[in-house]
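Hi,

Here is the structure I said I would pass on. Have a look at it first, and then read my notes below.

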Amino acid sequence: MITIIGSGRVGAAAAVIMGLMKIDTKILLIDIVRGLPQGEALDMNHMSSILGLDVEYMGSNEYKDMEGSDLVVVTAGLPRKPGMTREQLLEANAKIVAEIGREIRKYAPNSVVILTTNPLDAMTYVMWKATGFPRERVIGFSGVLDAGRLAYYAAKKLGVSPASILPIVLGQHGESMFPVPSKSFVHGVPLSKLLTEEQLKEVVEDTVKAGARITELRGFSSNWGPGAGLAIMAEAVKRDARRSLIASVVLQGEYGVRDIPVEVPLILGRSGVVKILEVELTEEERQKFMQSVEAVRKLVASIPPAYLQ
């Protein structure tokens, strides 16, 4: 059974896409708002019936109902409002994530946890501490989204399918993220050789500002991109796909970083992170990566100690 904690736009989008992909036959929605997860589940069950899907959706306001889940997806937390940075959300969401993490530890102690709550990398750290799980089983979602956005914007410039691009984004999920065009390839050819300096600058800027742009346009943050990315990650775990993708995980010596979660390429399977892949960086690229890491380190250092127990 997959449990999704948070029945807002991202949680609902993830649940629908997971159902359409037939990743599991049972998907549980949990939310603190009475009636919300139950209503969403009922509507989704009607969808399943219409489409002939053998997927049962359930809704609950009780954390205990996640018992037995081998995958828990956390989308709960305060959303980013227009003009608000991810960093401004830190303290409020740290409290929420810490509480959820303790409930996961209690009712789904053997699960893999994937979360989307912002600021993402710092919240991954909070979840890691709150659950007490090995780092391999606590994964921040963001990299799939950031890489997908990089592929989208580069593909628009090149006039090719985004599926033709293998994108690399490292570091923080936020304003200090580090897209790496020289390590993002179209069938072995790096974007840095296919696009002009100006085009590369525009692609990187569009990627970094994509989330804020969506929020500015429609008044609330993205949900379909995150929902799709969560479904891809859920599929890798549930089917032990051993798929390579970008995600945030606590590093323990990789890239010369310790005890800080940042976006890196990794292999994802049933046990969570199977392997972390270290991309060879130039000295200039490494400096930019470490600047991004330091942005996350500062956020982690500002988390109230009460939420790290």
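What follows is a quick tour, from the overall build down to a few ring contacts.

Before you start: this is a predicted model, where local features need pLDDT of at least 70 and side-chain atom pairs count only at pLDDT 80 or more, while totals for chains, interfaces and linings use all residues. Residues are numbered from 1 along each chain as its sequence is written, and side-chain values use heavy atoms, with hydrogens and water left out.

First, the whole thing. The protein has nine helices and 14 strands (DSSP runs numbered from the N terminus: helices are H or I with at least four residues, strands are E with at least two). Its radius of gyration is 19 Å, close to the 19 Å that the globule rule gives for 309 residues, so the protein is as compact as a globular protein of that length. That radius is taken over C-alpha atoms, and the rule is 2.2 Å times the number of residues to the power 0.38. Along the principal axes, the C-alpha atoms fill a box of roughly 50 × 45 × 40 Å.

Of the 309 residues, 55% count as buried (under 20% relative accessible area; exposed is over 50%, partly exposed is in between, with a 1.4 Å probe and protein chains only). If you look at contacts (heavy atoms within 4.5 Å) between residues at least 6 apart in sequence, 70% join residues at least 24 apart.

Now the rings. There are three aromatic pairs in the structure, meaning rings of Phe, Tyr and Trp (its six-membered ring) with centres within 6.5 Å; planes under 30 degrees apart count as stacked, over 60 as edge-to-face and the rest as tilted. One of them is Tyr152 with Tyr153, edge-to-face at 5.0 Å centre to centre and 75 degrees between the planes. Tyr152 is partly exposed at 42% relative accessible area, and Tyr153 is partly exposed at 22%.

Another pair is Tyr255 with Phe289: the centres are 5.1 Å apart and the planes are at 45 degrees, so this pair is tilted. It links distant parts of the chain, 34 residues apart: Tyr255 is in the loop between strand E12 (243-252) and strand E13 (258-269), and Phe289 is in helix H9 (residues 283-301). Tyr255 is buried at 5%, and Phe289 is buried at 0%.

Last, charges over rings (NZ of Lys or CZ of Arg within 6 Å of the ring centre and within 35 degrees of the ring normal). Arg9 has its charged end over the ring of Phe220, 3.6 Å from the centre. The charged end of Arg137 sits over the Phe133 ring, 4.3 Å from its centre.

Cheers
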